[in-house]
Amino acid sequence: MDNASTSSPVSVAIIGSGPAGYTAAIYAARAGLDVVLYQGLQPGGQLTTTTEVENFPGYPEGALGSQMMVDFQTQAQRFGTDIRNATVTAVNFSCYPFQLTIDTTTTVEAKTVIIATGASAKWLGLESEKRLNGRGVSACATCDGFFFRGQDVAVVGGGDTAAEEALHLSKICNKVYVLVRSDKMRASHIMQQRLISKPNVSIFFNTGIEEILGDQEVEGVRLFDKRSQTSFELLLQGFFVAIGHQPNTALFAPYITLDNKGYIQTTPGSTKTNIPGVFAAGDVQDSIYRQAITAAGTGCMAALDAERFLATEG
Ligand code: FAD
């Protein structure tokens, strides 16, 4: 029997177990609220897919992403968070208390809900990309660029994100190749100008990715020039995919206002969504920063927002 399915509604239901969800849980449970957290299909979230995390304060020597998320979970449990290895498969935000369906079978009632379901990077879908993920293949230059300082890297993508990632890498790396599928970039004119002005950046247009080369780690990439219809190879150590992210918001779309990229819209300076009592934290509402520390920061804000809501309206 699912304890959280008993008749009295839980004060705070948190959907997601990344840095945002666990931080929200730490704050809400420490405030004396009864809190249940649903981990979803990826307990610990995106950081469990990486190796070393060097930019989260409090870990001067760095830490393995998976170990860091065990630490987050342990801290949330310490204050009494009820952590469930389960997935929220439906929500009903048109009634109050809100209703969550867990693993398609159980219905749980909650006075407040914190959505912390994160976002997933889009990938090219190559076998070599999967095999070398974390061994030179990454979807986050801010996170992993430093590991390639002084080396040669490629960024795939033609939008603003790809341009930003390439600019970031141009300050750290020896050489940055920007690989664009079509004959022009979608990035803003100013971003393109900045890229062009960098002596260590080369942009390849009309370029397809055939295979990332390397056995144990990235050693190069085989490309396809669509104009000459020929393949060619580049030697490099880092391969950054910057073709966009997909926020995990499908479940909430019937109720929650999303922006034009599908991210949850929150009131500026808070984690409030358009539904009073429903809050959003982390990458699910952040298409810009997408870092563990910012996710944790908004997780904290969501817990405080939920606490205030319960004090006044719950
Ligand atoms: P996520 O970590 O994405 O977690 C989302 C959670 O929601 C998951 O637990 C998932 O199971 C759960 N979920 C989704 N749907 C449901 C559902 N229906 N029901 C229940 N649960 C659900 N950031 C840094 O600061 N430093 C780094 O070095 C760094 N390296 C990275 C390396 C890689 C390879 C990647 C992909 C990201 C990296 N990041 C790094 C970014 C960082 O991981 C994210 O910004 C951060 O994890 C976002 O946290 P979040 O809590 O918003 O969501």
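A polar side-chain atom of Asn55 lies 2.8 Å from a nitrogen atom of the ligand, a polar contact in the sense used here (a pair of N or O atoms within 3.5 Å; within protein, one must be able to donate a hydrogen and the other to accept it, and residues adjacent in sequence count only if both atoms are side-chain atoms). Taken alone, the ligand exposes 1000 Å², of which the protein buries 93%; accessible areas come from the Shrake-Rupley method with a 1.4 Å probe, and for residues only the protein chains shown count as cover. The model is predicted: local features need pLDDT of at least 70, side-chain atom pairs count only at pLDDT 80 or more, and totals for chains, interfaces and linings use all residues. Residues are numbered from 1 along each chain as its sequence is written, and side-chain values use heavy atoms, with hydrogens and water left out.

Backbone atoms also approach the ligand. A backbone N or O atom of Gln39 lies 2.7 Å from a ligand oxygen atom, and a polar backbone atom of Pro19 is 3.3 Å from an oxygen atom of the ligand. In total, 32 residues surround the ligand, the closest being Ser17, Gln39, Gln42, Asn55 and Asp283; a residue is counted as near if one of its heavy atoms lies within 4 Å. This shell divides into 14 nonpolar, 16 polar and two charged residues, where Ala, Val, Leu, Ile, Met, Phe, Trp, Tyr, Cys and Pro count as nonpolar, Asp, Glu, Lys and Arg as charged, and the others, Gly among them, as polar. Helix 1 (19–30) and helix 7 (292–312) each supply at least two residues of the shell; helices (H or I, at least four residues) and strands (E, at least two) are DSSP runs numbered from the N terminus.

The loop between strand 19 (278–280) and helix 7 contains Gln291 and Arg290. Gln291 is buried, with a relative accessible area of 16% (buried, under 20%; exposed, over 50%; partly exposed, in between; 1.4 Å probe, protein chains only). Residues up to four places away in sequence aside, Gln291 touches Asn55, Cys140, Thr142, Cys143 and Asp283, contact meaning heavy atoms within 4.5 Å. Arg290 is likewise buried, at 17%, and has a positive phi near 50° although it is not glycine.

Most residues other than glycine have a negative phi, and most peptide bonds are trans. A positive phi, about 65°, is also found at Thr104, in the loop between strand 7 (98–102) and strand 8 (106–115). Thr104 counts as exposed, at 62% relative accessibility. A cis peptide bond, with omega of about -5°, joins Tyr96 and Pro97; Pro97 lies in the loop between strand 6 (88–92) and strand 7.

The loop between strand 13 (201–204) and strand 14 (207–213) holds Asn206, which is buried at 15% relative accessible area. Beyond residues up to four places away in sequence, Asn206 touches Val180, Arg181, Ser182, Asp183, Phe224, Asp225, Lys226 and Arg227. Its C-alpha atom is 8.2 Å from that of Leu179, 27 residues apart along the chain.

In helix 5 (residues 160–170), the buried residues are Ala162, Ala163, Glu165, Ala166, Leu167, Leu169 and Ser170. These residues pack against elements including helix 4 (141–144), strand 11 (152–156), strand 12 (175–179) and helix 6 (189–196).
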